Amino acid sequence: MTEPAHPQPATGADRTADLAEMLGYLAACWDEERRLLARQLHDSLGSSMTALTMHLALLTQHIPADNKAMRDRSAQMKTLLANIIETNRKMQLELWNDKLEFLGLKAALAELVPDWGAATGVTARASLPDEDGSYTRTQGVVLLRCAEEGLRNVAAHAQATEVEVVLDDDGEQIMLTVRDNGRGLPQHDAARESNSCHGLRLLRERARYLGGTLELGPGERGGAVLRITLPKSAPA
């Protein structure tokens, strides 16, 4: 009688591949949950707040002109509702950018970059292709997340005055670059690694799962450069 074959122990490379696949799957599930939650906020809370605003406007029309107290209270309620609607809109955008899904990556970046520049006071430019390429939803999400993470790190650490976000598509691969003119990266590799945030680590693993790479390094003229490169075709 032959003895049953024992399974071979997993190698380090096998474990790494398994973990990368699991991380990619979990990240995709996380993105889908964020998309659904943003949609619920839009359909439920957003619609309710808009309806309340309309009802309040109708009620205000029936307040006598000489009743200053009631008109002041109505104005306060209108301001409060407007603030809630704006907060809800920002929450939806943080969770999921609808422009990415309905208008494409180019439209999402064209809005993200100048809005970020206006909010931070940093001169921000976006260099985008003439036409939007054909990307999967997952690729578009990862590319947009890279732009968001890069801009977030510039605002938090770079002390930059200028930022440029560049999207290149040569038909075989997609490359998104975020470069700034800030103070640059720590010179020592260990210091640079210790300062790396979980957001960049997650992006690096997501890029790897899609067969691509994520690189963070010094710019040719100072500052820092964050670049993600993804193949247009799915990894084998």
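Select strands S3 and S5, the latter at residues 224-231. They pair in the antiparallel sense over 7 bridges. Now pick Thr 177 and look across to S5: its bridge partner there is Arg 227. Keep in mind as you go that this is a predicted model.

**Next strand over**

Which residue of S3 is the bridge partner of Glu 164? Select Arg 179 and you have found the partner.

Show the side chains of this pair. Glu 164 and Arg 179 form a salt bridge, with the closest N and O atoms 3.4 Å apart. Glu 164 sits in strand S2 (residues 162-169) and Arg 179 in strand S3 (residues 173-180), so the contact ties together parts that are 15 residues apart in sequence. Glu 164 is partly exposed, at 22% relative accessible area. Arg 179 is partly exposed as well, at 33%.

Now move to the hairpin of S2 and S3. It has 3 residues between the strands. Click on Gly 171, which takes a positive phi near 95°.

**Salt bridges inside helices**

How many salt bridges does the structure hold? The count is 9. You have seen one of them, between Glu 164 and Arg 179. Two further stops follow.

Select helix H1, residues 12-60. Find Asp 43 and Arg 39, which lie 4 residues apart, about one turn of the helix. They form a salt bridge whose closest N and O atoms are 3.6 Å apart. Asp 43 is partly exposed at 43% relative accessibility. Arg 39 is partly exposed at 27%.

Why can such a pair meet along a helix? An α-helix has 3.6 residues a turn, so residues three or four places apart point the same way.

Jump to helix H5, residues 137-158. Arg 152 and Glu 149 are 3 residues apart here, again about one turn of the helix. In their salt bridge, the closest N and O atoms are 2.6 Å apart. Are the two partners buried or exposed? Arg 152 is partly exposed, with a relative accessible area of 43%. Glu 149 has a relative accessible area of 10%, so it falls under the 20% cut-off and counts as buried.

The largest cavity holds about 30 Å³ of space. Select its lining: Trp 96, Asn 97, Leu 100, Val 141, Leu 144 and Arg 145. Which element gives the most to this lining? That is H5, with 3 residues.

**Last stop: H7**

Select helix H7, residues 198-209. This helix has 12 residues. From its first C-alpha to its last, H7 reaches 16 Å, close to the 16 Å expected.

Highlight Leu 200, Leu 203, Arg 206 and Ala 207, the buried residues of H7. The buried residues fall within an arc of 120°, so they line one face of H7.

Step just past the end of H7 and click on Gly 211. Its phi is positive, at about 85°.

Definitions and conventions:
Residues numbered from 1 in each chain as written. Predicted model: local features only at pLDDT ≥ 70, side-chain atom pairs only at ≥ 80, totals over all residues. Heavy atoms only, no water. Salt bridge = Lys/Arg side-chain N within 4 Å of Asp/Glu carboxyl O. Helix = DSSP H or I, 4+ residues; strand = E, 2+ residues; numbered from the N terminus. Buried < 20%, exposed > 50% of the residue type's maximum accessible area, 1.4 Å probe, protein only. Pairing = 2+ DSSP bridges. Expected span 1.5 Å × (residues − 1). Arc of directions from axis to C-beta. 1 Å grid on protein atoms, 1.4 Å probe; cavity = no way out; pocket = protein on both sides within 12 Å on 5 of 7 lines; lining within 4 Å. Points joined across faces, edges and corners; volume = space filled by probe spheres on them.
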